[in-house]
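Welcome! Please take a look at the sequence and the 3D structure below, and then let us walk through some of the details together.

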Amino acid sequence: MEDLKFVKVAETSEIPMGKMKKVKLEEKEILIANVDGNYYAIENRCTHAGGDLSKGALDGRIVTCPRHGSRFDVTTGKAVSGPKILFLRFKTKDAPSFEVKVEGKDLMLKR
Ligand code: FES
């Protein structure tokens, strides 16, 4: 039986190990990252000022925002460090995270 709570948003082949991709789920932009063959999803818009995390850099499980360098753990959404502006480091909120399910070659997100 089809699980109506999960929707297909991408295929596993689109996100190789160490890469990430921005997908849309209804009105939300979500970032899916492949860390060592496991997929994780957090909100794509940076909690500081809306930077596009999919344009940032992924290093292991840490994505760095391209705008002011906030860093988030993609496996949990936790903000590991905040934005750096004029030599000052601020705090930012954790990013919401989402459940990812792999079904065959499909990546599904919970609505
Ligand atoms: S918008 Fe991401 S660090 Fe400022």
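## A salt bridge to start with

Glutamate 11 and lysine 8 form a salt bridge, and their closest N and O atoms lie 2.9 Å apart. A salt bridge here means a side-chain nitrogen of Lys or Arg within 4 Å of a carboxyl oxygen of Asp or Glu. Side chains of opposite charge can pair when their charged atoms come close.

How exposed are the two partners? Glutamate 11 is partly exposed, because its relative accessible area is 21%, and lysine 8 is partly exposed too, at 44% relative accessibility. The scale calls a residue buried under 20% relative accessible area, exposed over 50%, and partly exposed in between, using a 1.4 Å probe and protein chains only.

## How to read this model

This is a predicted model, in which local features need pLDDT of at least 70 and side-chain atom pairs count only at pLDDT 80 or more, while totals for chains, interfaces and linings use all residues. Residues are numbered from 1 along each chain as its sequence is written, and side-chain values use heavy atoms, with hydrogens and water left out.

## The sheet around glutamate 11

Glutamate 11 stands opposite aspartate 106 in S13. Strand S1 (6-11) and strand S13 (residues 106-110) run antiparallel and are joined by five bridges. Strands (E, at least two residues) and helices (H or I, at least four) are DSSP runs, numbered from the N terminus, and two strands pair if DSSP finds at least two bridges between them.

Three strands make up this open sheet, in the order S1-S13-S12, with antiparallel pairing. S1 and strand S12 (100-103) are at the edges with a single partner strand each, so one side of each has no neighbour in the sheet. On average, neighbouring strands of this sheet are turned by 35° against each other, direction ignored. The axes are lines fitted to C-alpha atoms, for helices over the stretch in contact, and angles run from 0 to 180 degrees between N-to-C directions.

Threonine 12 sits in the loop between strand S1 (6-11) and strand S2 (20-25). Is threonine 12 buried or exposed? Threonine 12 counts as buried because its relative accessibility is 19%. With neighbours within four places in sequence left aside, threonine 12 is in contact (heavy atoms within 4.5 Å) with Tyr39, Val102, Lys105 and Leu107.

## A second sheet

Another open sheet has four strands in the order S2-S3-S4-S11, and its pairing is antiparallel. Its edge strands are S2 and strand S11 (97-98), each of which pairs on one side only. Strand S4 (residues 38-43) and S11 are joined by two bridges and run antiparallel. In S11, serine 97 is the bridge partner of isoleucine 42.

How many salt bridges does a search of the whole structure find? The search finds eleven. One of them pairs arginine 111 with glutamate 26, with the closest N and O atoms 3.6 Å apart. This pair links distant parts of the chain, 85 residues apart: arginine 111 is in the segment after S13, and glutamate 26 is in the loop between S2 and strand S3 (28-35). Arginine 111 counts as exposed at 55% relative accessibility, as does glutamate 26 at 54%.

Salt bridges that share partners also join Lys8, Glu11, Lys105 and Asp106 into one network. Elsewhere, lysine 21 forms a salt bridge with glutamate 14, the closest N and O atoms being 3.2 Å apart.
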